[in-house]
Amino acid sequence: MNETHAIINLNALEHNISRLREITPNSQLIAVVKANAYGHGMVKLAQFIEPKVDGFAVARIEEGVILRDHGIKIPIILLEGIFSKDDMLLVSRYNFEIAIHNREQLSWLESCNVLQPIKVWLKIDTGMHRLGIHPSLVSNYYKQLCQLKNVAQIGIMSHFCMSDTLNHPYTDKQLDLFKQLHQTIDVSHPKFAGSSIAASGGILHYPESHLNTVRPGLIMYGISPIDETFASDYNFKPVMSLHSKLIAIRELEAGEPVGYGLKWCTNTATKIGVVALGYGDGFPRDIPEGTPVWINGRKAFIVGNISMDMMTVNLGLESKDCVGDEVEFWGEHIPIEELAKTIGVISYELVTKVTSRVKFSYTTDF
Ligand SMILES: *Cc1c(COP(=O)(O)O)cnc(C)c1O
């Protein structure tokens, strides 16, 4: 492999799904594969894990269509539901499950004809105040959904906004409210099909939040959503690693600037490695001094401004690195959680921003 490339370790993915099954033995497992499976490649991943999970969740209807067009047969949930009445045609044709979080969606659902009744997820706002119906409307919406001929099954769902922080009281508050609302609906109705609130954070730290369906995203990819922790702390393994190689080594005297904008200057004579990866591959441009890469068994630090296609790394005067040597940006040696913290972004951002120029390979050779 000699290009700028991401390796997707399918064994790690499989391991992570087994870990999820261990942690949530009584829950359906809905794999969240929105945003191109967090940058990992939605179709490839979904095809690989379809036999191991109970369903997929995506954010946009187009993502669901791509999955079905590539042969995915298991349930697909549209986490934000539909955005227009016309979307119901696709929902019906492709047999999607949809979130219902506002009055418009309810009326579109009511006024269309579907090929066969569908499963819906009544989305409740338990405190994030992004999507979801107000708690006071839950029993009313639920009753209406029970009446609709287009509705085969009804789940209720909500989402935490603080579950990336350990033991935050707001998470308890949301969970308590969700359980309380659960009491107010008729769960003995034949259409009732369970409830779901936990994403990765809830899965790892709030066993009482698992209920009958969990929706893991980040942790399934082997990345911890919890501040100050690594996926390995929970015995999960990173799925994506990002690599490139040295394409030049420059020997510079003390006091010579490197790269655009004269941002950084050598203070002693040193060797600078030029690595073929830049912001055009999705690496952040705005990084602090001391951001590392991994090369030949050690960390070396990025210096100067990141360019579109390249970056420069201070290798040190005595270094023995050669043109062609491999560089890791995140993966086995540089945990993505650590890199994200250094840069001041979240890991979600790093993986989803890797661009299509990067070559992806999917492997079980680990
Ligand atoms: C993205 C998303 C998830 C998955 O979240 P992670 O933190 O990546 O596990 C689950 N549920 C909803 C509604 C989401 O939008």
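These legends go with an overview and several close-ups of a predicted model.

**Figure 1. The whole chain, for orientation.** The C-alpha trace spans about 80 × 45 × 40 Å along its principal axes. DSSP gives the chain 11 helices and 18 strands. Out of 366 residues, 53% come out as buried. If you take the contacts with a separation of 6 or more, 64% are between residues 24 or more positions apart.

Figure 2. As for charge, count 33 positive side chains against 40 negative ones. The centres of those two sets sit 6 Å apart.

**Figure 3. Inside the largest nonpolar core.** This core takes in 107 residues. F56, I98, L109, F283 and W330 are the ones with the most contacts inside it.

**Figure 4. A closer look at F283.** F283 is on the list of residues with the most contacts inside the largest nonpolar core. So what does F283 touch, once its neighbours within four places in sequence are set aside? The partners are L277, G278, I302, I306, M311, F329, W330, L339 and I343. One of them, W330, is also on that most-contacts list.

**Figure 5. Helix α5 and what covers it.** Helix α5 runs over residues 87-94, and its buried residues are D87, M88, V91, S92 and Y94. The cover over those residues includes helices α4 (61-69) and α6 (103-110). Strands β4 (76-78), β5 (97-100) and β6 (118-123) are part of that cover too. Look just past the end of α5 for N95, where phi is positive, at about 55°.

**Figure 6. Helix α7, one face in and one face out.** Helix α7 covers residues 138-147, with V138, Y141, Y142, L145 and C146 buried. Down the helix axis, these buried residues fall within an arc of 140°, so they line one face of α7. On the face turned away from that buried side you'll find K143 and Q147, both exposed.

**Figure 7. The packing partners of α7.** Which elements do the buried residues of α7 pack against? On the strand side of the list are β5, β6, β7 (151-157) and β8 (192-196). The helices are α6 and α8 (169-184). Three of these names, β5, α6 and β6, also turn up in the cover over the buried residues of α5.

Conventions
Residues numbered from 1 in each chain as written. Predicted model: local features only at pLDDT ≥ 70, side-chain atom pairs only at ≥ 80, totals over all residues. Heavy atoms only, no water. Core = buried A, V, L, I, M, F, W, Y, C linked by side-chain atoms within 4.5 Å. Buried < 20%, exposed > 50% of the residue type's maximum accessible area, 1.4 Å probe, protein only. Contact = heavy atoms within 4.5 Å. Helix = DSSP H or I, 4+ residues; strand = E, 2+ residues; numbered from the N terminus. Arc of directions from axis to C-beta. Lys, Arg positive; Asp, Glu negative; His and termini not counted. Charge placed at Lys NZ, Arg CZ, Asp CG, Glu CD.
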